[in-house]
Amino acid sequence: MASIPYRQLFINGEWREPVLGKRIPVINPTTEVAIGDIPAGTAEDVDLAVEAARNALTRNRGRDWARAPSAVRAKYLRAIAAKIIERKSELSKLEVLDCGKPLDEAAWDMDDVAGCFEYYADLGEGLDAKQKAPVSLPMETFKSHVLKEPIGVVGLITPWNYPLLMATWKVAPALAAGCTAVLKPSELASVTCLELADICREVGLPAGVLNIITGLGPEAGAPIASHPHVDKVAFTGSSETGKKIMTAAAQLVKPVSLELGGKSPIIVFDDVDIDKAVEWTLFGCFWTNGQICSATSRLILHQNIAKEFIERMVIWAQNIKVSDPLEEGCRLGPVVSEGQYEKIKKFIATAKSEGATILSGGSRPKHLEKGYFIEPTIITDVDTSMQIWREEVFGPVICVKVFSSEDEAIELANDTHYGLGGAVLSSDRDRCQRVTEDIRAGIIWVNCSQPCFCQAPWGGNKRSGFGRELGEWGLENYLAVKQVTEYTSSDPWGWYPSPSKL
């Protein structure tokens, strides 16, 4: 497969050319060659998509989707999951061509996509049984219950590192809740999201329930965030873009949920099995070509094992297969784009100029003349004031700092504006518990890094954003709570004197 299918925007259940007729080339990051193009939607297309979503939400007073039995919506989610598995091989290869992740990872992602749709089909199907939950009141003449309703039309803006999976984290719970949606994937990796549109057509998803607009952030993403008929925005991406979305949404007092950047720590104590700990440390930063918002890219290493650990880590890193991501056994492919490639190289150069040591990696692998490849990179002699320690690289780069006491490790871990993830590696369970409680982050891994399950909540604090995706928390993201209180007495209220008795 050397090229990608020609796709249009997906609006109201139909393929449509963008109003202004613009398209964006798709560059294969492995070859640096254009393999097709995607539509470049603009505000005019967003207006059409939002109108379609609003009509789908309110059609037949909501009975066609928003207020349909939850089992009806679950049926569509399960059908989408089945199609994902049916097309797993094709979708995996498209993802590789589009964003450069190793084929084995892309295939794993497709399993997770299907699993996420299945999970929210099950969770959403249970919504009806939970409706009208009673509220205990202090007055016997009143009864009260709670309804959970879809929040409305939602704008979903997603990143390029897990193109279809990150979209699914939002689409699946939003649809399960009864919302209708406008999805705007990253212009750097939109291909599999357009294939999701094709799957939605195949399974007969009602027109307008899911609309997909591809295009540049300022031209297609910004109009979604500021649109008066979009009831909520959910965004995953950079902190800078997150600020802009918050600002736009604030003008309409529109709720947002944000999953933003990270600079997560991994603390390794001196009682670990070194080779096991080294592998988790490298996996925690180099998985997905280092392009993970939760990457544990700050290694905080106990001084007693630092020398041996770093030596072993260099050997392990140099043994990682960096290659065409379609090649069997590839474990590190190219980063997503030339812009990202140059940004990472600049981070590494700045670290060196500030006095850090590029211990391993740091440049293009010698055996690869083309593609946006960067060797797995280990940086030592790092000071906490350095850019490489403080800012998110979003590439296969890990920096190392040594500690002597548990208190020092905690202080180093929390010395960041971010708070998405963190990890602690130790054979002392009590210590792991203490450190878990002390690290200020939304996700903590113990004796591992990066496992993610759709049943467990995902999200951060501080400048890593707010709100939680996945699990039941992900479904709650797209539900509004309505209080219903009824006066049940046959007697008049009696607060005002009756005119008939005056």
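Q: Why is Glu-32 called partly exposed?

A: In this predicted model, Glu-32 has a relative accessibility of 29%. Buried means under 20% and exposed means over 50%, with partly exposed in between. The value of 29% lies in between, so Glu-32 counts as partly exposed.

Q: What makes the contact of Glu-32 and Arg-364 a salt bridge?

A: A side-chain nitrogen of Lys or Arg must be within 4 Å of a carboxyl oxygen of Asp or Glu. The side chains of Glu-32 and Arg-364 meet at 4.0 Å, N to O, and the pair is therefore counted as a salt bridge. Glu-32 is in the loop between strand S3 (23-28) and strand S4 (33-39), and Arg-364 is in the loop between strand S14 (357-360) and strand S15 (377-380). The pair links distant parts of the chain, 332 residues apart. Arg-364 is partly exposed, with a relative accessible area of 24%.

Q: How do you know that Glu-17 forms a salt bridge with Arg-23?

A: The closest N and O atoms of Glu-17 and Arg-23 are 3.7 Å apart. The cut-off is within 4 Å, so the pair qualifies. Glu-17, at 37% relative accessibility, counts as partly exposed. Arg-23 is partly exposed too, its relative accessible area being 21%. By the salt-bridge rule the count comes to 31.

Q: What makes Glu-195 and Arg-87 a pair that ties together separate parts of the sequence?

A: The salt bridge of Glu-195 with Arg-87 has its closest N and O atoms 2.7 Å apart. Glu-195 lies in helix H7 (residues 191-203), while Arg-87 is in the loop between helix H2 (70-86) and helix H3 (88-99). These parts are 108 residues apart in sequence, so the pair ties them together. Both Glu-195 and Arg-87 are buried. They also belong to a network of salt bridges that links Arg-7, Lys-83, Glu-86, Arg-87, Glu-90, Glu-195, Asp-198 and Glu-202.

Q: Why is Ile-199 called buried?

A: Ile-199 has a relative accessible area of 0%. Buried means under 20%, so Ile-199 is placed in that class. Ile-199 lies in helix H7.

Q: Why does Glu-259 count as buried?

A: Its relative accessibility is 4%, which is under 20%, so Glu-259 counts as buried. Glu-259 is in strand S11 (residues 256-259). An unreviewed UniProt entry gives the annotation "active site" for Glu-259. UniProt also lists residues 16-484 for "domain: Aldehyde dehydrogenase" (unreviewed entry). Over those residues the chain is 41% helix and 20% strand.

Q: What makes the phi of Asn-289 worth noting?

A: Most residues other than glycine have a negative phi. Phi of Asn-289 is near 60°, a positive value in a residue other than glycine. Asn-289 lies in the loop between helix H10 (274-286) and strand S13 (298-302). At 1% relative accessibility, which is under 20%, Asn-289 counts as buried.

Q: Why is Asn-447 called partly exposed?

A: Asn-447 has a relative accessible area of 37%. This lies between 20% and 50%, so Asn-447 is partly exposed. Asn-447 also has a positive phi, of about 55°, although it is not a glycine. Its place is in the loop between strand S19 (443-446) and strand S20 (461-462).

Q: Which residues gather in a patch of negative charge on the surface?

A: The patch is formed by Asp-407, Glu-411, Glu-437 and Asp-438. Helix H14 (406-414) and helix H15 (429-438) each give two or more residues to this patch. Asp-407 is in helix H14. At 65% relative accessibility, over the 50% limit, Asp-407 counts as exposed.

Q: Why does Trp-493 count as exposed?

A: Trp-493 has 55% relative accessibility, which is over 50%, so it counts as exposed. Trp-493 is found in the segment after strand S22 (479-487). With Met-139, Tyr-487, Trp-495 and Tyr-496, Trp-493 makes a nonpolar surface patch of about 690 Å².

Notes
Residues numbered from 1 in each chain as written. Predicted model: local features only at pLDDT ≥ 70, side-chain atom pairs only at ≥ 80, totals over all residues. Heavy atoms only, no water. Patch = residues over 30% accessible without salt bridge, like charges linked within 9 Å, V, L, I, M, F, W, Y side chains within 5 Å. Areas by Shrake-Rupley, 256 points an atom, 1.4 Å probe, with all protein chains shown as cover. Lys, Arg positive; Asp, Glu negative; His and termini not counted. Charge placed at Lys NZ, Arg CZ, Asp CG, Glu CD. Helix = DSSP H or I, 4+ residues; strand = E, 2+ residues; numbered from the N terminus. Buried < 20%, exposed > 50% of the residue type's maximum accessible area, 1.4 Å probe, protein only. UniProt positions renumbered as here; feature names shortened; annotations may be inferred.
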